[in-house]
Amino acid sequence: MNDFPVSPSGSGQSVLPQNPSQGLTRAQNSANAQMIYKSEVMAQLVRMIERVAPSQATVLILGESGTGKELIARLIHEKSARKSKPFVAINCGALRETLLESELFGHEKGSFTGAYTRKIGLAEIANGGTLFLDEIGELTQGIQSKLLRFLQEGEIYRVGGKEPIKVDIRLVSATNRDLEAEVVKANFREDLFYRINTITVHTPPLRRRKEDIPVLIEHFLSQGKHGYLGRGRQMSPEAMQVLMNFAWPGNIRELQNVCERMQILAEGHMIMVGDLPDNIRRPNEKVSVEEYDPDVPLHEVEKRHILKALHYFNGNKTRAAHSLGITIKTLYNKLHMYGEFENFSVHSKPESSLESPASTISTPVGSSDSPVV
């Protein structure tokens, strides 16, 4: 995460620092996950992490999509006594209930069709370390009850297994949902909610730390994988001001994607206003309404609308589902039905293999790369 100099007291406006890197603060761990910041809101967050990390308390990270919740979970792990043990992450919203249970708790050979060998679950792989459950608000009631028993008893049962397996993990979870509201609606178990939120950490959206945008951009342009192109290394003051004025609904992940795009498409060394995406240059411009086509059936209209939403949010399925007014599981089912799931699946680059429980860092299952925040 990155935080930058705030505007002068009473000015009411953000200012662009002449040297964005001056006074830059970095919180870094052994896995090279780092938070780069100057703003007070992020300094407070880091101080809280440093107090919380040495404990064994469960931590619930709340925040909008793209604010770097997984990075915070990794930092908590790396500052704890469990740092030499595995950090295992799983995206609860990316898998169906049966597959999620198998991934989380493992299964025995022959326990269901296709279970040709025994599978060690991620909770077992994380033994001694930290288990990070991203999008925990997407868990079904069935998985919630099994997770609650696991947290209470400290033991799991593989799917098809009869013998309990003792597992020692620290649970860190994250969601962009209002879990208290979900408890009231009976979508999330109250007893599980109180189990997972001993400590609650809030990640601020980028619009609350806009003074950080110049340094974040400098970091992404200098550290981006497209720097070899020799283009888009600097921002013109006019282009920077446009980016400062943008609301960034996708937060830091959206900013990172835009920086990557600008670096590829920029005409020269300096990124100008014309190199910015249209939706950022003209955020209030309305999309033209298509004329009705009597030959297009309703299901095709639905498919096109869902795909448009995914493209609009740069493949961010959580934000697309929220905008469409459906659950992320419904969105996944629709994509499977349309045969479009693979076109919008995102896989992280593995940091180390999960084949051996001795791994110190695990690959998140079904989650996207964590942004630097």
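Throughout these legends, a residue is called buried when its relative accessible area is under 20%, exposed when the area is over 50%, and partly exposed in between (1.4 Å probe, protein chains only). The structure is a predicted model, in which local features need pLDDT of at least 70 and side-chain atom pairs count only at pLDDT 80 or more, while totals for chains, interfaces and linings use all residues. Residues are numbered from 1 along each chain as its sequence is written, and side-chain values use heavy atoms, with hydrogens and water left out.

**Figure 1. Overview of the protein chain.** The chain contains 14 helices and 13 strands; helices (H or I, at least four residues) and strands (E, at least two) are DSSP runs, numbered from the N terminus. Of its 373 residues, 50% count as buried. Contact means heavy atoms within 4.5 Å. Among contacts between residues at least 6 apart in sequence, 72% join residues at least 24 apart.

**Figure 2. Salt bridges of Arg-177.** A salt bridge is a side-chain nitrogen of Lys or Arg within 4 Å of a carboxyl oxygen of Asp or Glu. Glu-182 pairs with Arg-177 in this way, with the closest N and O atoms 3.6 Å apart. Glu-182 is buried, at 9% relative accessibility, whereas Arg-177 is partly exposed, with a relative accessible area of 25%. Arg-177 also forms a salt bridge with Glu-138, at 2.8 Å from N to O. Because Glu-138 lies in the loop between β7 (130–134) and α5 (141–153) and Arg-177 in the loop between β10 (170–175) and α6 (179–184), this pair ties together parts that are 39 residues apart in sequence. Glu-138 is buried, with a relative accessible area of 11%.

Figure 3. The side chains of Arg-149 and Glu-155 meet at 3.3 Å, N to O, in a salt bridge. Arg-149 is partly exposed, with a relative accessible area of 34%, and Glu-155 is buried, with a value of 12%. A search of the whole structure finds 20 salt bridges.

**Figure 4. Helix α5 and its buried residues.** This helix has 13 residues and reaches 18 Å from its first C-alpha to its last, close to the 18 Å expected at 1.5 Å a residue; the expected span is 1.5 Å times one less than the number of residues. Ile-143, Gln-144, Leu-147, Leu-148, Phe-150 and Leu-151 of α5 are buried. They cover an arc of only 160° around the axis, which puts them on the same side of α5; the arc is that of the directions from the helix axis to the C-beta atoms. The elements against which the buried residues of α5 pack include α3 (97–105), β7, β10 and α7 (190–196). Just after α5, Gly-154 takes a positive phi of about 70°.

Figure 5. Ser-173 lies in β10 and is buried, at 0% relative accessibility. Not counting residues up to four places away in sequence, Ser-173 touches Val-59, Leu-60, Ile-61, Phe-132, Leu-133, Ile-136 and Ile-196. Ser-173 and Ile-136 are 37 residues apart in sequence and 6.3 Å apart in space, C-alpha to C-alpha.
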